[in-house]
Amino acid sequence: MEKILTGLQPTGSITLGNYIGSIRQVVEYQDKYDSYIFIADMHSITVPQDPKELKERIRSLVNIYLACGIDPNKNKIFIQSENEFHANISWLLECSTYYGELSRMTQFKDKSKKSQNFTSGLLTYPVLMAADILAYDVDYVPVGIDQKQHVELARDIAERFNKKYGETFKMPQPLIAKEGTKITDLQDPTKKMSKSAENKKGVIMLLDDLDVIRKKIMSAATDSEMLVKYDPENKPGISNLINIYISLTGKTIEEAEKEFEGCNYGTFKKQVADVVIEFVSGVQERYNALQNSNEVDKILDAGRDYTRPIAKAKFEDMRKKMGLGR
Ligand code: TYM
């Protein structure tokens, strides 16, 4: 069975963009692939975090995954920092990665602009991501388009390492969903819907109040035409709402365009809001039940115990090939 692996950072609340760009795919793939999912808590500390809040968010995130339909019997679910071999592998890979490559990464360029005093972890972040992926010889990495560049870097690093030290890593491929890949901000549809956005009016959180979600969708930015047509370049707001709609209903763009032919934007938005709210209310119900149980600890212990020996074996293999230790 082919393998997939993906990670989510426990920063802020989970957005509809995270669900559509990542979690949804993993739910679909769990029957088809040997699936690994982890909480990238070590990636989150590349920017300042409050320790108490971080701990709460980690548990909450696992429960969100489960509430969204991730089946613990079909996935290895674990926390990155509970498997120390990720960081160990990352260091060995850092020494096969060039500063130039890292400083050219789009996400690094964007994030480093925001603060004059950013950490070196922000720069080396993609190498830890490469370690996450390469430790398990995965075939595919389901990610949103914003992470594609990082998966490509993981391939470059793997190829370089294999050439220098002999065949060690399998070449992973990014797996990007065809439709609804990039969900954008409802207020500024040229930007991705991001949990770190300053204006939360454009961002739908899975744990948002249902009324708040409806308001956010009803006040989404559109355009001055009265035409529900998929055209991301000229109609980014409407195209984003179509993306959300088709992702949650399984319809095609053509079907959605036909359904809303002649509709005004108010009616269209109301339909989108209904679909989103139906989905989110189910997630919230399951989430609340999980938050009140200790099911999650058993799942995370099992995930940690399963993945540690695999990552350890990869680390030992690399160490040996690189001439480290005795
Ligand atoms: P993160 O936590 O920023 O996002 C998690 C996943 O959600 C996708 N995503 C989106 N997709 C569509 N539209 C959006 N608006 C949107 N926002 C987020 C992201 O592409 C991602 O797939 N570095 C990663 C976490 C990570 C990882 C890994 C992923 C660490 N190691 C190894 C895969 C493999 C990150 O920060 O994702």
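## A buried strand

All 6 of the 6 residues of strand S2, residues 34-39, are buried, so this strand is largely enclosed by the rest of the structure. The model described here is a predicted one.

In a regular strand, side chains alternate between the two faces of the sheet. In S2, Asp-34, Tyr-36 and Phe-38 point one way, while Ser-35, Ile-37 and Ile-39 point the other way. The residues of both sets are buried.

## Neighbours of S2

S2 pairs with two strands. Strand S1, residues 3-8, runs parallel to S2, and the two are joined over 6 bridges. Gly-7 has Phe-38 of S2 as its bridge partner.

Strand S3, residues 75-79, also pairs with S2 in the parallel sense, over 5 bridges.

## The ligand and its surroundings

There are 27 residues around the ligand, and those that come nearest are Leu-8, Gln-9, Tyr-125, Asp-132 and Asp-146. By class, this shell is made up of 11 nonpolar, 11 polar and 5 charged residues.

In the side chain of Gln-9, an N or O atom is 2.7 Å from an oxygen atom of the ligand. A polar backbone atom of Met-193 is 2.9 Å from a nitrogen atom of the ligand, and a backbone N or O atom of Gly-17 lies 3.4 Å from a ligand nitrogen atom. On its own the ligand has 710 Å² of accessible area, of which the protein covers 97%. Two or more residues of the shell come from each of S1, helix H1 (16-29) and helix H7 (120-134).

## Aromatic residues

A search of the whole structure finds 13 aromatic pairs. In one of them, Phe-161 and Tyr-165, the ring centres are 4.6 Å apart and the planes stand at 45°, so the pair counts as tilted. Both residues belong to helix H8, residues 148-165; they are 4 residues apart, which means that about one helical turn separates them.

The two residues can also be described by their accessibility. Phe-161 has 0% relative accessibility and therefore counts as buried. Tyr-165, at 22%, counts as partly exposed, because the cut-off for buried is under 20%.

One aromatic cluster is formed by Tyr-36, Phe-38, Phe-78, Tyr-136 and Tyr-306. Tyr-36 and Phe-38 are also among the residues that point one way from S2.

Note on methods. Residues numbered from 1 in each chain as written. Predicted model: local features only at pLDDT ≥ 70, side-chain atom pairs only at ≥ 80, totals over all residues. Heavy atoms only, no water. Buried < 20%, exposed > 50% of the residue type's maximum accessible area, 1.4 Å probe, protein only. Pairing = 2+ DSSP bridges. Near = heavy atom within 4 Å. Polar contact = N/O pair within 3.5 Å; in protein donor to acceptor, adjacent residues only side chain to side chain. Areas by Shrake-Rupley, 256 points an atom, 1.4 Å probe, with all protein chains shown as cover. Nonpolar A, V, L, I, M, F, W, Y, C, P; charged D, E, K, R; others polar. Phe/Tyr/Trp six-rings, centres within 6.5 Å; stacked < 30°, edge-to-face > 60°.
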